[in-house]
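Colleague: I would like to learn how to read the side-chain contacts and the strand pairing of a model. Could we take the features in turn, with the general idea before the case?

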Amino acid sequence: MRLGILALAIVWALAGTPGRALATTVFERPAADPFLAGTLFSDLQRLREAATPFALSQPAGIDALVWWGGYFSFEEVPNPGTSPFEIRFFADTGAGPEATPFLVAAVTATISAFPASLQQFEYEARLPAELALGAGLWWISIVDVDTAPPTFAWRKGSEVASSFSRPPAGGWEQTHGLASVRLEGRVLPEPGPVLLAAIGLALLGARAQRHAR
């Protein structure tokens, strides 16, 4: 009886509660030194939006993200503490991001100082709800919608490839460099293996219960 109950409990844990998986990093492109790699403008004040690609090796649920950058100014800018941003997700066309995002999330980023040769900050925010994405190539745009600080400059990573940039009413233009970002959430289980594991455990529990009699 106890083995049967244990098997059913394990089945329920595997098949019915995938949300209990621990939060983890599902994608990360670390920030490089801005003197070497540069930045991408992504701010409504400058009327530019930058989109950078990210790849998932397996399905994942994204609920938080971290990125790095600063403000285009010849003087140091006081840390705003918090600032509103829009996080936009795009499907891939094979030659860049789609014209229209499939999700636009308004977030408030918590900002902290980040060591660099130029003044830089680390931004952290949570999405309003988990975003489930399949394995493959996707695009993300992080746009500063705060009018108080100077123009936001999204810090690049060290990888050599291309992102895209555009004015609000224009089309995407290819630009050198990939923006830095870390996506956090959970790996989503494949339904087939989970279901097979659940059935197998249930059968083992039933068999052990019969032998106990």
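Predicted model: local features only at pLDDT ≥ 70, side-chain atom pairs only at ≥ 80, totals over all residues.

Colleague: Let us begin with the rings: how many aromatic pairs does a search of the whole structure find?

Modeller: A pair of aromatic rings is described by the distance of the centres and the angle of the planes. Searching the whole structure in those terms gives 17 aromatic pairs. One of them is formed by Phe54 and Phe89, whose centres are 6.3 Å apart and whose planes make an angle of 80°, an edge-to-face arrangement.

Colleague: Which parts of the chain does the pair of Phe54 and Phe89 tie together?

Modeller: Phe54 belongs to strand β3 (residues 49-56) and Phe89 to strand β5 (residues 82-91), so this pair ties together parts that are 35 residues apart in sequence. Both Phe54 and Phe89 are buried.

Colleague: What is the geometry of the pair formed by Phe85 and Tyr123?

Modeller: The rings of Phe85 and Tyr123 are also edge-to-face, with 5.4 Å from centre to centre and 70° between the planes. This pair links distant parts of the chain, since Phe85 is in strand β5 and Tyr123 is in strand β7 (residues 120-133), 38 residues apart.

Colleague: Why does Phe85 count as buried, and why does Tyr123?

Modeller: The cut-off for buried is under 20% relative accessible area. Phe85 is buried because its relative accessible area is 1%, and Tyr123 counts as buried because its relative accessibility is 0%. Phe85 and Tyr123 are members of one aromatic cluster, which they form with Trp67, Tyr71, Phe121 and Phe152.

Colleague: A ring can also have a charged group over its face; where does the charged end of Arg46 sit?

Modeller: The charged end of Arg46 is placed over the ring of Phe41, at 4.0 Å from the ring's centre. Arg166 in turn lies over the face of Trp172, where the distance to the ring centre is 4.0 Å.

Colleague: Turning to charges that pair with each other, how many salt bridges are counted?

Modeller: Side chains of opposite charge can pair when their charged atoms come close. Here the count comes to nine salt bridges. In one of these, Glu28 is joined to Arg182, with 3.3 Å between the closest N and O atoms. That pair links distant parts of the chain, as Glu28 is in strand β1 (residues 24-29) and Arg182 in strand β12 (residues 181-187), 154 residues apart.

Colleague: Are Glu28 and Arg182 buried or exposed?

Modeller: Glu28 is partly exposed, because its relative accessible area is 40%, whereas Arg182 is buried, with a value of 18%. Another salt bridge joins Glu159 to Arg29, again with the closest N and O atoms 3.3 Å apart. Here Glu159 is in the loop between β9 (152-155) and β10 (162-166) while Arg29 is in strand β1, so that distant parts of the chain, 130 residues apart, are linked. Glu159 is partly exposed at a relative accessible area of 42%, and Arg29 counts as buried at 4%.

Colleague: Finally, why is strand β8 described as largely enclosed?

Modeller: Seven of the nine residues of β8 (residues 136-144) are buried, so the strand is largely enclosed by the rest of the structure. As for its pairing, β8 runs antiparallel to β3, with six bridges between them, and Ala55 stands opposite Leu137 of β8. β5 and β8 are likewise antiparallel, joined by seven bridges, and Ala91 has Trp138 of β8 as its bridge partner.

Terms used:
Residues numbered from 1 in each chain as written. Heavy atoms only, no water. Phe/Tyr/Trp six-rings, centres within 6.5 Å; stacked < 30°, edge-to-face > 60°. Helix = DSSP H or I, 4+ residues; strand = E, 2+ residues; numbered from the N terminus. Buried < 20%, exposed > 50% of the residue type's maximum accessible area, 1.4 Å probe, protein only. Lys NZ or Arg CZ within 6 Å of the ring centre and 35° of its normal. Salt bridge = Lys/Arg side-chain N within 4 Å of Asp/Glu carboxyl O. Pairing = 2+ DSSP bridges.
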